[in-house]
Amino acid sequence: MVELKRSYEECRRQRLEENKKRMEELNIGKLALALKASSTPKSSPAKQVKRPRVSLDVSSVPVRRSSRTANKPPPNYKEVPIEPLGSLRRSYRRGSLLSRFYASDGARQDAIERAEQLESDLGSDFPTFLKPMLQSHVSGGFWLGLPVYFCKEHLPDEDEMITLVDEDEDEFPTKYLAEKNGLSGGWRGFAIDHELVDGDALVFQLINPTTFKVYIIRASELPYDEDKDKDSDASKLDNEDKDKDSDASKLYNEDKDKDSDASQLDGIAKRTRARVVDLEDKRKLHPKER
């Protein structure tokens, strides 16, 4: 054991001496000293002191400009508040469903006939078309579809603002949708301002490429003569009904008289038959008296 330890120590010492000789041959010691002498400790970035920023006066610094804008005043980039525009749309109160007017078939047909007469009176100088009003036109959605043939022939191919001019020469701008062939924005205001209801008939006359003259025929309005004729017809029918009632009452009274006569004859016949039966019974009881 002692010999083994000595041999180990000798080998270790021999190895160290060999390594030292190699390091001396490579000048490693001198290189290590040179590196230590040349290296200086660097300060960490966290410990660096920040210098305070100096604010510059912008007005004192000359502005670089081109020769074209050198003589012009400097632009002002200060934000100026913009005044809000007033609402361009009118506010309308939405009516309830209970207050809607539903035209009868007779009133609707009468308005259409009078509108057709007006359309024929306008002549053919400007293109026209007739449009009866429905609930969807004057309430709820307020969408007015125009005839497709009229849109293809006379109206623009793209969306455009179309002006509606009423009989008082008041103008109402509306939005025409070319793909849907109808009036959307602005039509609601026209319908409410003119109190259009179900059954009214409108005649549209295209006086300009984007302007319609609109004539309104009310379903509830009838000419004076027609009202008078209808009242006279109604009175005639009322008189005829009265005559029929009087005739019926007469027939009823006659039937009652006939019934009373028949009842009287029936009573006489019953009494006669009773007397005959009594006489026959008496004869059967007293045959000798005969």
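Modeller: Lys213 is buried, with a relative accessible area of 10%. This is a predicted model.

Biologist: With which residue does the side chain of Lys213 meet in a salt bridge?
Modeller: Lys213 is in strand β7, and its partner sits 44 residues away in the loop between β3 and β4. The N to O distance is 2.7 Å. The residue that meets Lys213 is Glu169.

Biologist: Is Glu169 buried or exposed?
Modeller: Glu169 has a positive phi of about 65° although it is not a glycine. Its relative accessibility is 55%. The cut-off for exposed is over 50%. Glu169 therefore counts as exposed.

Biologist: How many of the residues of β7 are buried?
Modeller: Thr211, Lys213, Tyr215 and Ile217 point one way from the strand, while Phe212, Val214 and Ile216 point the other way, and all are buried. β7 is therefore largely enclosed by the rest of the structure. The count of buried residues is seven of seven.

Biologist: Which strand is joined to β7 by seven bridges?
Modeller: β3 and β7 run parallel and are joined by three bridges, with Thr163 opposite Thr211. The strand with seven bridges runs antiparallel to β7. It forms a hairpin with β7, with two residues between them. That strand is β6.

Biologist: Which residue in β7 is the bridge partner of Leu202?
Modeller: The bridges that join β6 to β7 number seven. In β7, the bridge partner of Leu202 is Ile216.

Biologist: How many residues are in the largest nonpolar core?
Modeller: Leu155, Leu164, Trp187, Leu196, Leu202, Phe204 and Phe212 touch the most other members of this core. Elements that each supply at least two of its residues include α5 (148-154), α6 (187-193) and β7 (211-217). Apart from it lies another core, of nine residues, among them Ala107, Ala111, Tyr215 and Ala219. The residues in the largest core number 25.

Biologist: What are the end C-alpha atoms of helix α3 apart, in Å?
Modeller: Helix α3 covers residues 105-122, which is 18 residues. At 1.5 Å a residue the helix should span 26 Å, and the model agrees with this. The end C-alpha atoms are apart by 26 Å.

Biologist: Which residue forms a salt bridge with Asp110?
Modeller: Asp110 is buried, with a relative accessible area of 12%. Both members of the pair lie in helix α3, four residues apart, about one turn of the helix. The closest N and O atoms are 2.9 Å apart, and the partner of Asp110 is Arg114.

Biologist: Which residue forms a salt bridge with Arg108?
Modeller: Arg108 lies in helix α3 and its partner in the loop between α6 and β6, so the pair ties together parts that are 90 residues apart in sequence. The closest N and O atoms are 2.8 Å apart, and the partner is Asp198.

Biologist: Where in the protein chain is confidence lowest?
Modeller: The chain averages a pLDDT of 75, and 58% of the residues score at least 70. Over residues 85-98 pLDDT stays under 50. Where pLDDT is low, the predicted coordinates should not be read in detail. By mean, β7 is highest at 93, and at a mean of 63 the lowest is helix α7.

Key: Residues numbered from 1 in each chain as written. Predicted model: local features only at pLDDT ≥ 70, side-chain atom pairs only at ≥ 80, totals over all residues. Heavy atoms only, no water. Core = buried A, V, L, I, M, F, W, Y, C linked by side-chain atoms within 4.5 Å. Buried < 20%, exposed > 50% of the residue type's maximum accessible area, 1.4 Å probe, protein only. pLDDT = per-residue confidence, 0-100. Contact = heavy atoms within 4.5 Å. Expected span 1.5 Å × (residues − 1). Pairing = 2+ DSSP bridges. Salt bridge = Lys/Arg side-chain N within 4 Å of Asp/Glu carboxyl O.
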